[in-house]
Amino acid sequence: MKPATALRLGLITLIVLILEILSRSGAISRFVAPPPSEIVVDLGRLLLSGRVQPAIGQTLGKITIACALAIAVGTLVGVVVQHFRAVADTLSPFFTAYYAVPIYAFYPMMIAIFGIGEAPQIVIGFMLAVVAVVVNTISALDRIPRVFRKTAAVYGMSTLEAARRIYLPHAGPYLATGVKLAVSYSFIGVIGAEFIMSRIGIGHEIVFAYNNFENQVMYPLILFVLLAAGTVNWVFYAWEKRLLSRRSRS
Amino acid sequence: MSSARNNLFVILSMFGVWQITYWAIGDLALRPPLDTIRNAWSLIGSEGFMAHLNETLQAFTFALAIAVTVGVALGFCLGMNRLAGEVGEPLLVSFYSLPKITLYPIVLLIFGIGMPSKVAFGAIHGIMPITIFTLGALRNLPPILGRTSKVLRLTRWQSVWTILFPAARPEIFTGLRLGFSLTLIGTLLGEMFASQRGIGFLLMQAIGLHDTDRIMALTFLIVGFAITASLMLLAINRHLRHGAA
């Protein structure tokens, strides 16, 4: 594992270095993209200036709400749907098709229902994320061997107790996959909605900078989003891995 | 047969939920199902719609072709070499989960407005899931298959073509199913932001004009296409799995 990590870091460094050289030598015109080192410096300056902090706070807040709602509702729906085998089987092809639906098209409808403000963007993030949680909850529960259910019955456990002491520890890693996906989908949903029509948030700032040819604002903000999403994803990825490895040891 | 009946049932209940939501919310932002179908029908017949549809289908076909070719090839490259897989997989997974919509200004700056950036946007969305599923499929193959191809002294290319690909096909196809959906949304998003033609452009235009009739009709057509294609691909997938077992 160790040499693979080193190689991966080396690969990333190499790509950044190539971009830097191409950009400095003028092979990539400055109008298209500034060199990576300048993007990083600009990002530092932008963050220090305090100009984008409100937007960042707004966006992260919306993402948190959307994600938390998706996890709560998705788990609940998943548990109910999984309980009825036939329903789960019937719905499964529709879950795949769901991802092809341009959720953003419902944005005007959301504004009409929830009003102007942050709520529609939260709902969009929620709608993208919730299905991933439902699908993973169903597959997590499907993987519980029958003998576990029987064991719970033999010990005379209540459903809640069995859930806490047997099902949850067993299904943990698969549920973690759902949580991980929910995080990235709520990022995608909220920022995407901000892109389309919003007056606040990082997505809006990026579009604004793009429309004004402000590359020295646009690229640092894009870098910020990628770093933020990447870090959060990486944390959940590591968490999921740890749960899985803990299970395989026992 | 029963699965066809189930699907019909789900679709009918979706119409039911839609109608009930309409009754609950009212005319402000929704149209009832029957009106929407009528609108969609007249939209299909309207002048110029076919040109837009054609444009989108062309972009989507290109994007899907790129996503499938690159995705499967990349998956095989990473799946057949242990070290390459270990190095590449976390990178792929993290790229898969990034909000790719933030990259659209960059795609636009590189490809300009029009067909190439739509295709690029669709392909970016589709490649990752296909690669990840192909990689997973190859990794889960029983090791005896690899040993068999060694015993038979097959070249790398022969073993891919005659052993690995047929064995991994059902799972690769699952990746293609997801890739299909994501390429479609990617292409549409590309059209919404970076185009003057296509279904996505019509949708964005309708959103800008608050033309609810048209938004509903377009969304209905897109969702209908996505669900139909998804069900068909699933049927093929089941058939493949059956054949493999």
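**Close-up views of a predicted two-chain model**

**View 1. The largest nonpolar core and its most connected members.** The largest nonpolar core has 123 residues, and Tyr104(A), Tyr185(A), Phe195(A), Ile206(A), Leu189(B) and Leu203(B) touch the most other members. A nonpolar core is a set of buried Ala, Val, Leu, Ile, Met, Phe, Trp, Tyr and Cys residues joined through side-chain atoms within 4.5 Å; buried means under 20% relative accessible area, exposed over 50%, and partly exposed in between (1.4 Å probe, protein chains only). Helix H8 (residues 156–194) of chain B gives the most to this core, 15 residues. Helices (H or I, at least four residues) and strands (E, at least two) are DSSP runs, numbered from the N terminus. Apart from this core lies another one of 6 residues, including Leu141(A), Ile144(A), Ala162(A) and Tyr167(A).

This is a predicted model, in which local features need pLDDT of at least 70 and side-chain atom pairs count only at pLDDT 80 or more, while totals for chains, interfaces and linings use all residues. Residues are numbered from 1 along each chain as its sequence is written, chains are lettered from A and ligands numbered from 1 in the order in which they are written, and side-chain values use heavy atoms, with hydrogens and water left out.

**View 2. Surroundings of Ile206(A).** Not counting residues up to four places away in sequence, Ile206(A) touches Phe195(A), Met218(A), Leu221(A), Ile222(A) and Val225(A) of chain A, and Thr102(B) and Pro105(B) of chain B. Contact means heavy atoms within 4.5 Å.

**View 3. Helix H3 (residues 53–83) of chain A.** The 31 residues of this helix reach 45 Å from the first C-alpha to the last, close to the 45 Å expected at 1.5 Å a residue; the expected span is 1.5 Å times one less than the number of residues. Buried residues in H3(A) include Ala55(A), Ile56(A), Thr59(A), Lys62(A), Ile63(A), Gly74(A) and Gln82(A).

**View 4. Ser23(A) in helix H1 (residues 2–25) of chain A.** Ser23(A) counts as buried because its relative accessibility is 8%. Beyond its neighbours within four places in sequence, Ser23(A) is in contact with Ile28(A), Ala33(A), Pro34(A) and Pro35(A).

**View 5. Packing of helix H3 (residues 49–79) of chain B on H8(B).** The two helices pack at an angle of about 140°, with their axes 8 Å apart. H3(B) is therefore oblique to H8(B). Axes are lines fitted to C-alpha atoms, for helices over the stretch in contact, and angles run from 0 to 180 degrees between N-to-C directions. Angles under 35 degrees count as roughly parallel, over 145 as roughly antiparallel, 65 to 115 as roughly perpendicular and the rest as oblique. Among the residues making the contact are Phe60(B), Leu64(B) and Phe76(B) of H3(B), and Phe165(B), Gly179(B) and Phe180(B) of H8(B).

**View 6. Helices H4 (residues 85–98) and H6 (residues 119–142) of chain A.** Their axes come within 11 Å and cross at roughly 140°, which means that H4(A) is oblique to H6(A). Arg85(A), Ala88(A), Phe95(A) and Tyr98(A) in H4(A) meet Met127(A), Val131(A), Val134(A), Val135(A), Ile138(A) and Asp142(A) in H6(A).

**View 7. Pro173(A) in helix H8 (residues 159–196) of chain A.** Pro173(A) is buried, with a relative accessible area of 3%. The C-alpha atoms of Pro173(A) and Met218(A) are separated by 37 Å, and the two residues are 45 residues apart along the chain.
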